[in-house]
Amino acid sequence: MIQANHQLDAKGLACPMPIVKTKKAITDLVEGQVLEVQATDKGSKADLAAWANTVGHQYLGTVEEGDVLYHYIRKGSNEPEVEKSFEHTVPLEAIESRKGLILDVREAAEYAFGHIEGAKSIPMGELESRLEELDKEKEIYVICRTGKRSDLAAQLLTKNGFSKVYNVLPGMTEWDGKITKDI
Amino acid sequence: MTVNKWTAANVARRVIDNEELFILDVRNADAFADWKIEGHKFEYLNIPYFELLDGVEEILPKIPTDKDVLVVCAKEGSSVMVAEMLSEEGREVGYLEGGMKSWSSYLEPIKVADLNNGGELYQFVRLGKGCLSYMVISEGEAAIIDAVRFTDVFTSFAKEKGVEIKHVFDTHLHADHISGGRHIAAETGATYYLPPKDASEVVFDYTALTDGLNVKIGSSQIDVNALYSPGHTIGSTSFVIDNQFLLTGDILFIDSIGRPDLAGLAEDWVGDLRETLYTRYRELAEDLVVLPAHFMIIDELNEDGTVARRLGDLFKDNHGLNIEDEAEFRSTVTDNLPPQPNAYEQIRQVNMGKISPDNDEQTEMEIGPNRCAVR
């Protein structure tokens, strides 16, 4: 099962209710969190994706199991772009030729719907408590969707004694190489 | 203000009578771009319902007050919501009962002509999908050609007319819509005919529809003559009815010609298509009135809502009948073909009797525009 912060049961509801309910439910989420919407209305897939796009949320994808569609949406941020401050960066194109670990700090659901093969998933929010999973001697290439979360993650790692850390820019939005899915 | 419920039949009347209508289509932009309710004098505004959840104030200036406004969505729910919001703003609007789903299913029977000795020929126009079915009636008997899957429309119509359905034909194995032919035959005891060359994989019994087959309807003996005319499929067969009408199936349309690729054999069948259109049909009387199994665009409808045109006129005006160069013809019907119809492979499986989806699944398969033609 794909990890989400909240679940919304919209099964058995016909259009427009799945979106009406989603719109309401997503207000309870913190920006960056993921909502799972369970629906049986087949039309909800195209509509949710289009709706998310118009209001600035990130539609991650849909998994079908039997008659139920599980949609994943990450709440968008209205905050202005923050200046990235971590100075060691690596362009996305170079990532395949580097040795070391690719650390994907996006939410588990984002990772599930598509990541670079071999990348390790530790969502930003869990990073501080999972530092022992990482090797300080190895190069770590931190990646997220647009470079914002990975910037913070790289700073956090450096503060905790990791020295071979790079932020991969711009991020998964521009990645056109092979994609691995965990769904 | 009241919210009016419109049926697909109400909307069909507007199309056929050439009347005005303002359609507020609240489906998402892709769905609207792919397929919508077409009318000669219809105007459209597409705003997805999910952009109107907070209110309709912003779109009010775009909604006319001097013509009828109909809100349309995929199934109905969202159009009711938006119609009620508009109503609260003081606008009188309607919504389409059953949404595009019901539009896709609606059939309007229109009389094409009176035949000899009191016979009648009806065209069943499925406006939402561009499908055309036919019923020949003569003295208590009826034959149906290319029936769509809403079998009760045909059986009720026959009952109303007091006729017994004796023969049911499919001009070919359809790939764009699910045939009702076999089921009507089973229900009424009629004979079901299918061209054997299209039927190599079917899993039910049928009577072979072959070149030269002649069936008489009623005691006045209205002639239904089969004419082998391959090209859209290898079995495609046309009918000449009462020496006046040419039912072309999916071979020749009013403003386009059949595509040869829906069974995956464009290269093989293009020669047959050419032979049918440029040789076989040329040998027929130019005064025959062509009645195809589809129309693509609303402009192909005549004033009375029928889709029919003299064969001689099509020889003059239909681009697909006027490509002298064989290589150019080949390229026209094999390269740059329009996208294939929704779920066409599954639809063929259903028509072969290999799979039996439920009603909802059938509706889902048939959703979207008809795409059987090349222009």
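Two strands pair if DSSP finds at least two bridges between them. Keep that in mind on this tour of a predicted model.

**Stop 1: chain B as a whole**

Select chain B. Its secondary structure comes to 11 helices and 20 strands. The radius of gyration is 21 Å, close to the 21 Å that the globule rule gives for 375 residues, so chain B is as compact as a globular protein of that length. Now colour by burial: buried residues make up 49% of the 375 residues in chain B. Look at contacts too. Of those in chain B with a separation of 6 or more, 63% are between residues 24 or more positions apart.

**Stop 2: the two domains of chain B**

Colour residues 3-103 as domain 1 and 107-374 as domain 2 of chain B. Their C-alpha centres lie 32 Å apart. Where they meet, 10 residues of domain 1 of chain B are in contact with 9 residues of domain 2 of chain B. Select helix 1 (8-16) and helix 4 (99-105) of chain B. Each supplies at least two residues of the domain 1 side. Helix 1 of chain B gives the most to that side, with 3 residues. By class, the domain 1 side has 5 nonpolar, 2 polar and 3 charged residues.

**Stop 3: strand 16 of chain B**

Select residues 245-249 of chain B, which form strand 16. Is this strand enclosed or open? 5 of its 5 residues are buried, so strand 16 is largely enclosed by the rest of the structure. Look along the strand. B:Phe245, B:Leu247 and B:Gly249 point one way, while B:Leu246 and B:Thr248 point the other way.

Strands 15 and 16 of chain B pair in the antiparallel sense over 3 bridges. Find B:Phe239 and its bridge partner, B:Leu247.

**Stop 4**

Switch to chain A. Here is an open sheet of 4 strands in the order 1-2-4-3, with mixed pairing. Which strands lie at the edges? They are strand 1 (6-10) and strand 3 (58-65) of chain A, and each pairs on one side only. Neighbouring strands of this sheet are turned by 20° against each other on average, direction ignored.

Zoom in on strand 1 and strand 2 (residues 34-39) of chain A. They run parallel and are joined by 5 bridges. A:His6 stands opposite A:Leu35 in strand 2 of chain A.

Now show the helices. Helix 1 of chain A packs on the sheet and touches strands 1 and 2 of chain A. Its direction makes about 155° with that of strand 1 of chain A. Helix 2 of chain A also packs on the sheet, touching strand 2, strand 3 and strand 4 (68-74) of chain A. Its direction makes about 5° with that of strand 4 of chain A.

**Stop 4: where the chains meet**

Show both chains. The contact takes 13 residues from chain A and 16 residues from chain B. Select helix 1 (17-25) and helix 2 (44-55) of chain A: each supplies at least two residues of the chain A side. Helix 2 of chain A gives the most to that side, with 5 residues. By class, the chain A side has 8 nonpolar, 2 polar and 3 charged residues.

How values were computed: Residues are numbered from 1 along each chain as its sequence is written. Chains are lettered from A and ligands numbered from 1 in the order in which they are written. This is a predicted model: local features need pLDDT of at least 70, side-chain atom pairs count only at pLDDT 80 or more; totals for chains, interfaces and linings use all residues. Two residues are in contact if their C-beta atoms, placed from the backbone, lie within 7 Å. Ala, Val, Leu, Ile, Met, Phe, Trp, Tyr, Cys and Pro count as nonpolar, Asp, Glu, Lys and Arg as charged, and the others, Gly among them, as polar. The radius of gyration is taken over C-alpha atoms; the globule rule is 2.2 Å times the number of residues to the power 0.38. A residue is buried if 20 or more other C-beta atoms lie within 10 Å of its own, exposed if 12 or fewer, and partly exposed in between; C-beta atoms are placed from the backbone. Axes are lines fitted to C-alpha atoms, for helices over the stretch in contact, and angles run from 0 to 180 degrees between N-to-C directions. Domain bounds come from an automatic or database domain assignment.
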